[in-house]
Amino acid sequence: MNSMEIHPDRSRRSTPSPAAKRQRYDRLAPFYDLLDLPFEHRRYRTLRPQLFEGISGTILDAGVGTGRNMPFYPEGSRVTGIDFSPAMIVRANQRRAKLGKDIELLEMNVLATTFPDQHFDAIVATFLFCVLDEDLQLPALRELSRICKSTGVIRFLEYTYSNDSLRRFVMRLWAPWVRWIYGAGFDRQTERYIPEAGLELFEKRFVYRDTIKLIVTRPAGA
Ligand SMILES: C[S@@+](CC[C@H](N)C(=O)[O-])C[C@H]1O[C@@H](n2cnc3c(N)ncnc32)[C@H](O)[C@@H]1O
């Protein structure tokens, strides 16, 4: 059995309300970059550019956070970043101003966006689905599927439990802290819902050890 399937994270948690989840990120926003700094420098900053390779046109960065992906947005593309936390949007605005980039930033829930059907050429989401509880994985994927062009692509960077026993043990020690601070889990089953969301899995590969994966999906039948 896969380690992702046996992990008991979910059985121990109570699900916070949507407002509580948003407030968590509102509180976290001023410290987010500082808290994430070691991971950003040792892991994420070399992974983020891979997400944008070969994409152009209208791009959505779903769960934009403080705008850590911004330096890697492809030149000439029209990027919209959404986040349900107003305070994270404030931080993203600051980064946008610093970089002098033309990026649209909107406060919006990924579960119910206001974009028309088939609006984006590409959608990226970095470490968003590990924050969404298991029961929100399918609704979120469905919404992204709806607003992605039939010729478009959706790419995710997400954590998963390692199959290496020592590494998995360390991740399990970290899990309560990650849950408490970020509301995130390493045990999300995002790929499982891809077909039901009207998408097909195009590519899945590990980009950092066997703990961070790049998932590439496309609208089914494209
Ligand atoms: C772990 S952070 C990742 C931020 C950024 N993508 C990055 O790579 O640094 C997750 C982000 O998703 C946002 N988020 C969580 N649930 C959301 C939802 N339902 N709709 C929109 N944004 C959401 C949080 O506010 C937070 O900014």
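What share of the contacts in the protein chain with a separation of 6 or more comes from residues 24 or more positions apart? In this predicted model, such residues account for 70% of those contacts.

View 1. Along its principal axes the C-alpha trace spans about 45 × 40 × 35 Å. The radius of gyration of the protein chain is 16 Å, which agrees with the value near 17 Å that a compact globule of 222 residues would have. Of these 222 residues, 35% are buried.

**View 2. The open sheet formed by seven strands.** Read across the sheet, the strands stand in the order β3-β2-β1-β4-β5-β7-β6, with mixed pairing. The edge strands, each of which pairs on one side only, are β3 (103–107) and β6. On average, and with direction ignored, neighbouring strands of this sheet are turned by 20° against each other. Strands of a sheet pair through backbone hydrogen bonds, in either a parallel or an antiparallel sense.

**View 3. Strand β7 between its two partners, β5 and β6.** Strand β5 (residues 148–159) pairs with strand β7 (residues 212–219) in the antiparallel sense over six bridges, and within β7 it is lysine 213 that stands opposite glutamate 158. Strands β6 and β7 also run antiparallel, joined by eight bridges, and glutamate 200 has arginine 218 in β7 as its bridge partner.

**View 4. Helices α2 and α3 against the strands.** Helix α2 (residues 18–51) lies across β4 (120–126), β5, β6 and β7, and its direction runs at about 150° to β6. Helix α3 (residues 86–99) packs on the sheet, where it touches β2 (78–83) and β3, and its direction makes about 170° with that of β3.

**View 5. Lysine 204 in strand β6.** Lysine 204 belongs to the strand that covers residues 199–208. If residues up to four places away in sequence are left out, lysine 204 touches Glu191, Lys213 and Ile215. Is lysine 204 buried or partly exposed? Lysine 204 counts as partly exposed because 15 other C-beta atoms lie within 10 Å, whereas a buried residue would need 20 or more. Arginine 168 is 36 residues away from lysine 204 along the chain, and the C-alpha atoms of the two are separated by 20 Å.

View 6. With 15 other C-beta atoms within 10 Å, glutamine 118 is partly exposed.

**View 7. The shell of residues around the ligand.** Among the 19 residues around the ligand, those that come nearest are Tyr25, Gly63, Gly65, Phe84 and Thr126. By class, the shell has 12 nonpolar residues, together with five polar and two charged ones.

Notes. Residues numbered from 1 in each chain as written. Predicted model: local features only at pLDDT ≥ 70, side-chain atom pairs only at ≥ 80, totals over all residues. Near = placed C-beta within 6 Å. Nonpolar A, V, L, I, M, F, W, Y, C, P; charged D, E, K, R; others polar. Helix = DSSP H or I, 4+ residues; strand = E, 2+ residues; numbered from the N terminus. Buried ≥ 20, exposed ≤ 12 C-beta atoms within 10 Å, placed from the backbone. Contact = placed C-beta atoms within 7 Å. Rg over C-alpha atoms; globule rule 2.2 N^0.38 Å. Pairing = 2+ DSSP bridges. Axes fitted to C-alpha atoms, helices over the stretch in contact; angles between N-to-C directions.
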